[in-house]
Amino acid sequence: MIRLHHVPLGRSFRVMWLMEELGLEYEVAYYSIRDGSMRSPDFLALSPAGRVPALDYHGETMVESGAILQILCERHPEPRLQPAPGEDGRARYLETLAYSETIGCLVENLNLNRVFLRNPEDASPVVIKLLTARLRGALRGAEALLSGDYVLPSGFSAADIMLSYGFELARYYVRMEEFPTLMDYWERLKARPAYIAAKARDGEQDLYDRDFYPLPGEET
Ligand SMILES: N[C@@H](CCC(=O)N[C@@H](CS)C(=O)NCC(=O)O)C(=O)O
């Protein structure tokens, strides 16, 4: 039995999408960052930091999306979605798994400032501007990781799942049209049947209440 502990639009979506690519059967336990469910003793026993994803894989519990992607690709080697140690592309693959969390952490800090504060006046406009500029820089870094249509010249891999998930959230803070190469790449990925199947199970997000958050002072 495989059970994914998941927040809609959370990093656990990466694991959900990969499991669809691998054709795995799994159950989903849904949580919200807002309702306290991730602070319950049962959840903290699975994920001591109170974060998703947590994956119950036949009785073994795993956290950290990048590590889970690697382990699942090792245990389910077909279809081949990651290069083995020593194979071409392995360094770029590992680099991208780790780099994806550079984007993830910047978005998380923006989320804290822009959607989670009880009192929006507590947010710092200067910090928001700095974080947004850094997120733009990180997206330029993502562009530089691509090699043709995907991260790896050999084709689609789990690195594409790890990296492109960040755009799902970055788009609330940065106009993605500024990054046409990333937009084309993302559109290509979103057309994959496994992405569409995962989206159907993702659930309703309760993080964002609008489509875009302009910089402070630039609201119209
Ligand atoms: N590096 C971790 C980050 C996990 C993480 O921070 N997940 C967020 C959701 S995207 C979370 O659970 N946040 C809980 C909270 O903010 O209370 C990973 O990639 O799995």
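**A note on the ligand site and its surroundings**

1. The ligand sits in the largest pocket. A pocket here is an open set of points, on a 1 Å grid over the protein atoms alone, with protein on both sides within 12 Å along at least five of seven lines. A molecule counts as sitting in a pocket if more than half of its atoms lie within 2 Å of the pocket's grid points.

2. Before going on, please keep in mind that this is a predicted model, where local features need pLDDT of at least 70, side-chain atom pairs count only at pLDDT 80 or more, and totals for chains, interfaces and linings use all residues. Residues are numbered from 1 along each chain as its sequence is written, and side-chain values use heavy atoms, with hydrogens and water left out.

3. Which residues are closest to the ligand? They are Arg51, Val52, Glu64, Ser65 and Glu101, from a shell of 14 residues that surround the ligand (each has a heavy atom within 4 Å of it). By class, this shell holds four nonpolar, three polar and seven charged residues; Asp, Glu, Lys and Arg count as charged, Ala, Val, Leu, Ile, Met, Phe, Trp, Tyr, Cys and Pro as nonpolar, and the others, Gly among them, as polar.

4. Now look at the polar contacts (pairs of N or O atoms within 3.5 Å). The side chain of Arg51 places an N or O atom 2.4 Å from an oxygen atom of the ligand. For Glu64, a polar side-chain atom is 2.8 Å from a ligand nitrogen atom, and the side chain of Glu101 has an N or O atom 2.8 Å from a nitrogen atom of the ligand. Taken alone, the ligand exposes 520 Å², and the protein buries 86% of that (areas by the Shrake-Rupley method with a 1.4 Å probe).

5. Val52, one of the closest residues to the ligand, is joined to Pro53 by a cis peptide bond with omega of about 5 degrees. Pro53 lies in the loop between α2 (41-46) and β3. Helices (H or I, at least four residues) and strands (E, at least two) are DSSP runs, numbered from the N terminus.

6. Strands β3 (residues 54-57) and β4 (residues 60-63) run antiparallel and are joined by four bridges; strands pair if DSSP finds at least two bridges between them. Ala54 has Val63 as its bridge partner in β4. Two residues separate the strands, and His58 in the turn has a positive phi of about 50 degrees.

7. Where is the other cis proline to check? The peptide bond from Glu78 to Pro79 is cis, with omega near -10 degrees, and Pro79 is found in the loop between α3 (65-75) and α4 (90-116).

Definitions and conventions. A polar contact is a pair of N or O atoms within 3.5 Å; within protein, one must be able to donate a hydrogen and the other to accept it, and residues adjacent in sequence count only if both atoms are side-chain atoms. On a 1 Å grid over the protein atoms alone, a cavity is a set of points where a 1.4 Å probe fits but cannot get out, and a pocket is an open set with protein on both sides within 12 Å along at least five of seven lines; lining residues have an atom within 4 Å of a point.
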